[in-house]
Amino acid sequence: MSSETSIGRRDTLRPYIYFAIILIFGLALRIYLSNYLTYYRDFNVWRGWGSQAAEVGLNNFYEIFWCDYMPGYIYVLYGLNWIHETLPWIKVEILFKLPANLADLGLSVLIMLSLRRITSVRNSIIGGLVYFFNPAALSNSTFWGQVDSFHAFPILLSILLALDKRFLLSGIALAAAFMIKPQSIVLFPVVGFLSLGSLYGSVTGISRKDLMQPLKLILGVAVTTVLLTLPYIADDFGSFLYIFTGPVELIRDRFDA
């Protein structure tokens, strides 16, 4: 490899290295700021759900305790409670806000990658950093301790994957978003429309590959939804069909909670 090629590669990578360094610094700053301005009304509810899930197990959680959240974020709270019990020296404010702070970091990267499709490296990096250091994002995730960014990350990821025609992975991300917050259901028609692009855009006829795109999306959504709900309904299996009807009942009950 020539020296000119090595220099050119370093010049190409340098902006992304700077971007990563700034994000790491920003994450450290967010972790420090997590000690302040917590909205404890919601924060204590999430801590309680994590503790309750660990106490009775995921399969009994919804039957014993009231919870209007979908199963997706209960996994996170369950894991955070385990970390807290294993490493009690970590402040709970830092620990329970970490998923949202990490999601904001991930969103910054996704925003940068999204903008890179339509603008320069410089502009796309600025866009990612503007989000990560935005006072609104800091207030929501780092101070108040809300989880909106943790929900937004798989939404944006699903859309980007759909634009790249990676519909199986897009379906997995979309189902993960839905299993965190059901509001994600409004995106199903959007991503579904993208998966049908090959069908309505074809001028030479519909191929088997074209038909596979929406099927991959449906498969990704269905399998992910079933897998994420199974631990919550494991004790209720009466027939094989319950593997399909059980998740639907669990989701319906969350809408009624």
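# A predicted all-helix chain

## Overall picture

The protein chain holds 13 helices and zero strands. Its C-alpha atoms fill a box of roughly 65 × 60 × 35 Å along the principal axes. Of the 257 residues in the protein chain, 41% are buried. The protein chain exposes about 14000 Å², and 68% of that area is supplied by carbon and sulfur atoms. Among contacts with a separation of 6 or more, 68% are between residues 24 or more positions apart.

The mean pLDDT of the protein chain is 90, with 91% of its residues at 70 or more. By element, the lowest mean pLDDT is that of helix 11 (residues 197–201), at 65, and the highest is that of helix 5 (residues 92–116), at 97.

Helix 2 spans residues 40–56, a run of 17 residues. From its first C-alpha to its last, helix 2 reaches 24 Å, close to the 24 Å expected at 1.5 Å a residue. The buried residues in helix 2 are Phe43, Trp46, Trp49, Gly50, Ala53 and Val56. These buried residues pack against helix 3 (58–64), helix 4 (71–86) and helix 5.

In helix 6, Val121, Ser124, Ile125, Gly127, Gly128, Leu129 and Phe132 are buried.

## Salt bridges

How many salt bridges does a search of the whole structure find? The search finds four. Side chains of opposite charge can pair when their charged atoms come close.

| Arg30 | Asp104 | 2.9 Å |

The side chains of Arg30 and Asp104 meet in a salt bridge. This pair links distant parts of the chain, with Arg30 in helix 1 and Asp104 in helix 5, 74 residues apart. Are Arg30 and Asp104 buried or exposed? Arg30 has a relative accessibility of 1% and therefore counts as buried. Asp104, at 0% relative accessibility, also counts as buried.

Lys181 is buried, because its relative accessible area is 14%. Asp148, at 34% relative accessibility, counts as partly exposed.

Asp253 has a relative accessibility of 35%, so Asp253 counts as partly exposed.

Phe153 lies in helix 8. Its relative accessibility is 28%, so Phe153 counts as partly exposed. Leaving aside neighbours within four places in sequence, Phe153 is in contact with Ala103, Gly106, Leu107 and Leu110. One of these, Leu110, is 43 residues from Phe153 in sequence, while their C-alpha atoms are 8.2 Å apart in space.

Thr225 lies in helix 12 (residues 208–233). Its relative accessible area is 13%, and Thr225 is therefore buried. Which residues does Thr225 touch, not counting those up to four places away in sequence? They are Ala175, Met179 and Ile251.

## A nonpolar surface patch

A nonpolar patch on the surface is formed by Leu13, Ile17, Tyr18, Ile21, Ile22, Phe25, Leu29, Tyr32, Tyr36, Leu37 and Phe133. Together these residues have about 1100 Å² of accessible area. One of them, Ile17, lies in helix 1 (residues 3–33). Ile17 has a relative accessible area of 46% and so is partly exposed. Patch residues must have over 30% relative accessible area, and Ile17 has 46%.

Technical notes: Residues are numbered from 1 along each chain as its sequence is written. This is a predicted model: local features need pLDDT of at least 70, side-chain atom pairs count only at pLDDT 80 or more; totals for chains, interfaces and linings use all residues. Side-chain values use heavy atoms; hydrogens and water are left out. Patches are made of residues with over 30% relative accessible area and no salt bridge: like charges are joined within 9 Å, nonpolar side chains (Val, Leu, Ile, Met, Phe, Trp, Tyr) within 5 Å. Accessible areas come from the Shrake-Rupley method with a 1.4 Å probe; for residues, only the protein chains shown count as cover. Helices (H or I, at least four residues) and strands (E, at least two) are DSSP runs, numbered from the N terminus. Buried means under 20% relative accessible area, exposed over 50%, partly exposed in between (1.4 Å probe, protein chains only). Contact means heavy atoms within 4.5 Å. pLDDT is the predictor's confidence in each residue, from 0 to 100. The expected span of a helix is 1.5 Å times one less than its number of residues.
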